[in-house]
Amino acid sequence: MEGPANEVVGQLVDRRSVRRFEDRAVDQREVDLILEAAFQAPTAGDQQLYSIIDVRDQQEKDTLSVLCDNQPFIASAPLVLVFCADCEKWPVIYRQAGCQPREPGVGDLMLAVCDAVIAAQNAVTAAWSLGIGSCYIGDVMERCDDVRALLELPDHVFPAAMLVLGYPTEQQAARPKPPRAPMDAIVMRDRYRGHGAYGAESLVSRRVEASGSSFDDWVRSFHARKYDSAFAREMTRSVGEYLSAYDTTGVDE
Ligand SMILES: Cc1cc2nc3c(=O)[nH]c(=O)nc-3n(C[C@H](O)[C@H](O)[C@H](O)COP(=O)(O)O)c2cc1C
């Protein structure tokens, strides 16, 4: 592929996850710019169906690092932002104006998760442009009941994405990115093609090549670490339990 067409695309291509940070706080002016970029993301119906928790308390960071699959770099991250899908705030506004809003449903939650994650990604991109690295922590959903209790989230507020941010160490800034799948493995014309048609081996060929292992060995290890892992199973359990409290009927009982 030729080089990036412009600076924005160049930065998107260059961005990589950063998990080790310099031991200094992120300048508050830069935090404000990152948050402003998040606010400027598109949102469903212009509702901004998210709230952002800026975790400053060290004990809270320590607890999050344990709850999120024991990832110690969370505790040492200078900036920790939790992007919550917030289906609570519009009902509050509606009730204030005398409406009788229905219970939020799974459709509302889906939109709120989209809003929260898109805002988070704007924050990631803005941070990178300022020389600040970040990493998503998907495990914020893993023990979401405990995370929700820690952050005192009400019933209809869900921790959709967590970001840890800070100035990258030199080693992290230079770390190579994992190679992506070829474009034609991902982009399908007009209708879903099915992955068998493309070929399972081609889908991950770049990852396998970079690992130096055989296809079978790499995939089996990946399966054990990611898909068949305790964290993936626990995430499915705790998110499933959370979802079961949501209205799926779309009508008031
Ligand atoms: C939704 C989501 C959840 C993630 N959760 C974690 C996590 O819990 N811990 C971690 O170290 N990295 C996490 N990552 C970062 C990915 O591992 C990383 O994006 C991926 O390996 C690609 O590398 P790159 O971001 O450097 O391009 C997550 C990324 C996303 C988008």
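First, the ground rules. The model is predicted: local features need pLDDT of at least 70, side-chain atom pairs count only at pLDDT 80 or more, and totals for chains, interfaces and linings use all residues. Residues are numbered from 1 along each chain as its sequence is written.

Start with strand β2, residues 79-86. Helices (H or I, at least four residues) and strands (E, at least two) are DSSP runs, numbered from the N terminus. In β2, 8 of the 8 residues are buried, so the strand is largely enclosed by the rest of the structure. Buried means 20 or more other C-beta atoms, placed from the backbone, within 10 Å of the residue's own. Leu-79, Leu-81, Phe-83 and Ala-85 cover one side. Val-80, Val-82, Cys-84 and Asp-86 take the other.

Now its partners. Strands pair if DSSP finds at least two bridges between them. β2 runs antiparallel to β1 over 6 bridges, and 8 bridges join β2 to β4, also antiparallel. Phe-83 stands opposite Ile-52 and opposite Ala-161 in β4.

What about the core? The largest nonpolar core has 47 residues. Such a core is a set of buried Ala, Val, Leu, Ile, Met, Phe, Trp, Tyr and Cys residues joined through C-beta atoms within 7 Å. α5 gives the largest share, 10 residues. Phe-83, Cys-84 and Ala-85 are among those with the most contacts inside it.

Last, the ligand. Residues around it include Arg-16, Gln-71, Tyr-136 and Lys-177, each with its C-beta atom, placed from the backbone, within 6 Å.

Definitions and conventions
A residue is buried if 20 or more other C-beta atoms lie within 10 Å of its own, exposed if 12 or fewer, and partly exposed in between; C-beta atoms are placed from the backbone.
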